[in-house]
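Student: I have a new model open and a few questions about its side chains. Can we go through it together?
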Amino acid sequence: MGTSDGQTVSIDGNELRFTHLSKVLWPKKGLRKADYLKYVYEVSAYMLPFLRGRALTLLRYPDGADGEAFYQKNCPDYAPEFIKTVRIGDINYIVGDGLPTLMWLANQLAFEIHVPFQTADLTRPSEIVLDLDPPSRAEFALAVRAALMIKAILDRFRLASFVKTSGNKGLQVYIPLPDDVFTYEETRAFTAFLARYLTESEPGLFTTERLKKNRGRRLYIDIVQHAEGKTIIAPYAVRGNADALVATPLYWEEVTPGLRPEQFPLDQIPKRLAANGCPFSSFFEAKASQPFRQIIDTLKHQQQKGASV
């Protein structure tokens with residue numbers, strides 16, 4: 001059943017009411033709520049594997065990208081019955097599930113969907129994500145340089161890796177891990193090793209300094225963010241910036257000096273997927289074959305050796 005600015009549809013046996021379809025959400029791009037809902041539906045098959053079983057942190061934009069936004073962690077009382085939740089501490093999180101949940105969140109104008117590094121039933125990370133954060137989009141080339149340096153190291157270690165834009169001004173490098181095997185302490189030792197290599201190799205370009213005022217124009221390698229309880233923007237989630245940029249998975253061969261985050265707005269992603277497929281398609285398959293234990297044991301041995309000197 002439809003009205004002039006709303007429609008009720010059935011998805012997987014659940015009725016959802018989509019409202020205010022003509023509402024303009026990204027004025028600069030002329031994108032309406034109907035465009036956003038269509039986008040989420042079209043990318044859902046690629047996005048849902050990275051949401052399933054995870055406690056979601058949402059950034060909602062009730063008045064569109066030009067309006068004020070707010071974070072939502074607790075599931076609201078008015079959520080439909082099919083929405084699954086999990087209580088962590090004193091917060092009742094919405095759990096990433098199927099298409100009805102994703103489309104309901106889209107209708108609630110949740111643009112940004114942030115996910116932890118493990119599913120809600122686990123306590124250990126399912127992947128490592130390195131967040132490469134330049135001071136602005138003007139210095140995006142720094143993120144490209146850092147990502148390629150990291151890729152060279154990971155290739156030497158024979159670790160499969162994946163990369164995506166942040167949807168804003170940086171890049172994020174993913175290393176899939178077997179589920180519930182490695183601790184956050186172990187993954188932190190590895191991310192610290194990578195960050196130390198980059199900052200010692202190019203101290204004028206890269207830093208792990210948390211205070212923005214002390215970074216200068218250097219790229220920030222955020223290794224603190226990869227920890228239990230922390231989150232990262234989900235693949236294919238759209239940002240609330242004026243350009244409607246998407247956190248877009250890339251093929252490594254696309255990561256070149258000419259790469260720009262502005263190449264990946266919401267309205268281009270379905271065409272991109274249809275033409276090129278998803279660069280993260282082998283992500284979960286890669287988990288089982290990662291030789292990460294050997295690397296961690298070597299790092300521990302080196303640390304113990306250094307401590308005993």
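Tutor: Start with a charge and a ring. Arg215 has its charged end over the ring of Tyr220, 3.8 Å from the ring centre. The rule for "over": NZ of Lys or CZ of Arg within 6 Å of the ring centre and within 35 degrees of the ring normal.

Student: What should I know about the source?
Tutor: This is a predicted model, where local features need pLDDT of at least 70, side-chain atom pairs count only at pLDDT 80 or more, and totals for chains, interfaces and linings use all residues. Residues are numbered from 1 along each chain as its sequence is written, and side-chain values use heavy atoms, with hydrogens and water left out.

Student: How many aromatic pairs are there?
Tutor: The count is 20 aromatic pairs. Rings of Phe, Tyr and Trp (its six-membered ring) pair if their centres lie within 6.5 Å; planes under 30 degrees apart are stacked, over 60 edge-to-face, the rest tilted. Phe157 and Phe190 make a tilted pair, with 6.1 Å between centres and 55 degrees between planes.

Student: Where do Phe157 and Phe190 sit in the chain?
Tutor: They are 33 residues apart, so the pair links distant parts of the chain. Phe157 is in the loop between helix H3 (140-156) and strand E12 (162-165), and Phe190 is in helix H4 (residues 184-201). Helices (H or I, at least four residues) and strands (E, at least two) are DSSP runs, numbered from the N terminus.

Student: Is Phe190 buried or exposed?
Tutor: Phe190 is buried, at 0% relative accessibility. Phe157 is partly exposed, at 28%. The cut-offs: buried is under 20% relative accessible area, exposed is over 50%, and partly exposed is in between (1.4 Å probe, protein chains only).

Student: Why does the pair of Phe162 and Phe280 count as edge-to-face?
Tutor: Their planes are at 70 degrees, so the pair is edge-to-face, with centres 5.5 Å apart. This pair also links distant parts of the chain: Phe162 is in strand E12, and Phe280 is 118 residues away in the loop between helix H5 (269-276) and helix H6 (283-286). Phe162 is buried at 8% relative accessibility, and Phe280 is buried at 2%.

Student: Which residues do ring pairs link into a cluster?
Tutor: Phe50, Phe162, Tyr174, Phe280, Phe283 and Phe284.

Student: New topic. How many disulfides?
Tutor: Zero, counting a disulfide as a pair of cysteine sulfur atoms within 2.5 Å. Cys75 is buried, at 15% relative accessible area. Cys278 is buried too, at 8%.

Student: How are cavities and pockets defined?
Tutor: Both use a 1 Å grid over the protein atoms alone. A cavity is a set of points where a 1.4 Å probe fits but cannot get out; a pocket is an open set with protein on both sides within 12 Å along at least five of seven lines. Lining residues have an atom within 4 Å of a point. Points are joined across faces, edges and corners, and a volume is the space filled by probe spheres set on the points.

Student: What lines the largest pocket?
Tutor: 37 residues, with His114, Gln225, Lys230, Thr231 and Ile232 nearest its centre. About 790 Å³ of space lies in that pocket. Elements giving two or more residues to its lining are E6, strand E10 (110-115), strand E11 (127-133), strand E15 (219-222) and strand E16 (232-233).

Student: Back to Arg54. Where is Arg54 found?
Tutor: In the loop between helix H1 (33-47) and E6. Arg54 is buried, at 5% relative accessible area. Arg54 and Gly96 are 42 residues apart in sequence, yet 5.3 Å apart C-alpha to C-alpha.

Student: What does Thr57 contact?
Tutor: Beyond neighbours within four places in sequence, Thr57 contacts Tyr71, Gln72, Lys73, Tyr93, Glu112, Ile113, His114 and Thr231. Contact means heavy atoms within 4.5 Å. Thr57 is in strand E6 (residues 55-60) and is buried, at 6% relative accessibility.
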